[in-house]
Amino acid sequence: MVFPEYRPRRMRQNENFRAMIRETRLAPEQLVYPLFVMPGKGKKEEVPSMPGVFRLSVDQLKQEAKDCLEVGVRSVILFGLPEKKDAVGSGAHAKNGIVQQAIKELKNTAPDIMVITDVCLCEYTDHGHCGCLAGKEVDNDATLELLAKTALSHAQAGADMVAPSDMMDGRVSEIRSTLDENDFHNVPIMSYAVKYASAFYGPFRDAADCAPQFGDRCSYQMDPANSREALREATLDVDEGADILMVKPAVAYLDIISRLRDEFDLPIAAYHVSGEYAMIKAAAARGWIDEQRVMAETLLSIRRAGADIILTYFAKDMARMLRG
Ligand code: PBG
């Protein structure tokens, strides 16, 4: 196929042709909207570094779920800001903890929305690390039990799916067996299988008040330089019983999404994280880029790389745009 026999522009001449041969599409039901839940009543506080994203009290969730469903977004992922923090993150698995309350509220007032929960301790520990400590180290094996307890408490409150984001070794199998022993074999695990130690989480740590009080997360989250290791992480999680594999962040790791897509047949999710959102918002606020078009192009690139599911703070905006 050489010019002039083949002219690629022939198939680009108008939107009918372009739409006909479009290879990648986005749909609202592929998007997951993250929600930050805080104590109190009637609370809706905007996160300064994430314009358009709010910390909400439990009573605000019904409206939020309604807004999502209206534009076709069918799932949310919950993050909690507890009343109190302690060394072992007890608030994460408290029977009436903030996320447990939020799940029940959503199940009662908006039963059509899928409720996914982030399973991690960093929002609940006073030191801000994703597990309990042994000295200055995060104690992997002691943390597993706490994570499993947390996932179980979410399932008991009515969560549809749990998503461990802590990056402890062995947590998927620990959570799977705990859920199964308690008759929750139908609650899937969306594993943050490949989660990098990324600076793109900055605004999230403000939103969820979970920045580590000392050190960093490099001894448990992945080194941004590594891609073969991503395959090992994903293989472990598949063997341990994960139902969905997630890559996080998304845009700086499109190569990883693409590699996982080639190597695994499970559904792949990608988390378009807080910093990725904030950068688009900030540049758009200055009039430097077109927010809507950059949003759509970015999320499309994540789909094109191979993600089936995208967790994004743009979920509602993108869905609205798709609906015209
Ligand atoms: C909890 C968790 C984090 C994010 C999702 N779950 C923060 C972190 O690991 O520091 C980040 C999400 C985002 O940046 O949007 N461990």
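This is a predicted model: local features need pLDDT of at least 70, side-chain atom pairs count only at pLDDT 80 or more; totals for chains, interfaces and linings use all residues.
# Briefing: the ligand site and local backbone features

In its unreviewed entry for this protein, UniProt places the feature "binding site" at Ser274 and Tyr313. These positions span 40 residues in sequence, yet no two of their C-alpha atoms are more than 7.4 Å apart, so they gather at one spot. The lining of the largest cavity includes both Ser274 and Tyr313.

**The ligand and its cavity**

- The largest cavity is the space that the ligand takes up.
- The shell around the ligand comprises ten nonpolar, three polar and six charged residues.
- Among the 19 residues around the ligand, those that come nearest are Lys195, Arg205, Lys248, Ser274 and Tyr313.
- Ser274, one of the two positions in the UniProt "binding site" feature, belongs to helix α9, which covers residues 274–285.

- Lys195 places a polar side-chain atom 2.7 Å from an oxygen atom of the ligand.
- Asp118 has a polar side-chain atom 3.4 Å from a ligand nitrogen atom.
- Taken alone, the ligand exposes 400 Å², and the protein buries 100% of that area.

**Cis peptide bonds**

- Most peptide bonds are trans, and most residues other than glycine have a negative phi.
- Lys248, which is among the residues that come nearest to the ligand, is joined to Pro249 by a cis peptide bond with omega of about -10°.
- Pro249 is located in the loop between strand β10 (244–248) and helix α8 (254–263).
- A further cis peptide bond runs from Phe3 to Pro4, with omega near 10°.
- Pro4 lies in the segment before helix α1 (15–20).

**A positive phi angle**

- Asp183 is not a glycine, but its phi is positive, at about 65°.
- The position of Asp183 is in the loop between helix α5 (171–181) and strand β9 (190–195).

Note on methods:
Residues are numbered from 1 along each chain as its sequence is written. Side-chain values use heavy atoms; hydrogens and water are left out. A residue is near a molecule or strand if one of its heavy atoms lies within 4 Å of it. A polar contact is a pair of N or O atoms within 3.5 Å; within protein, one must be able to donate a hydrogen and the other to accept it, and residues adjacent in sequence count only if both atoms are side-chain atoms. Accessible areas come from the Shrake-Rupley method with a 1.4 Å probe; for residues, only the protein chains shown count as cover. On a 1 Å grid over the protein atoms alone, a cavity is a set of points where a 1.4 Å probe fits but cannot get out, and a pocket is an open set with protein on both sides within 12 Å along at least five of seven lines; lining residues have an atom within 4 Å of a point. A molecule sits in a cavity or pocket if more than half of its atoms lie within 2 Å of its grid points. Ala, Val, Leu, Ile, Met, Phe, Trp, Tyr, Cys and Pro count as nonpolar, Asp, Glu, Lys and Arg as charged, and the others, Gly among them, as polar. UniProt positions are given in the numbering used here, feature names are shortened, and annotations may be inferred rather than shown by experiment. Helices (H or I, at least four residues) and strands (E, at least two) are DSSP runs, numbered from the N terminus.
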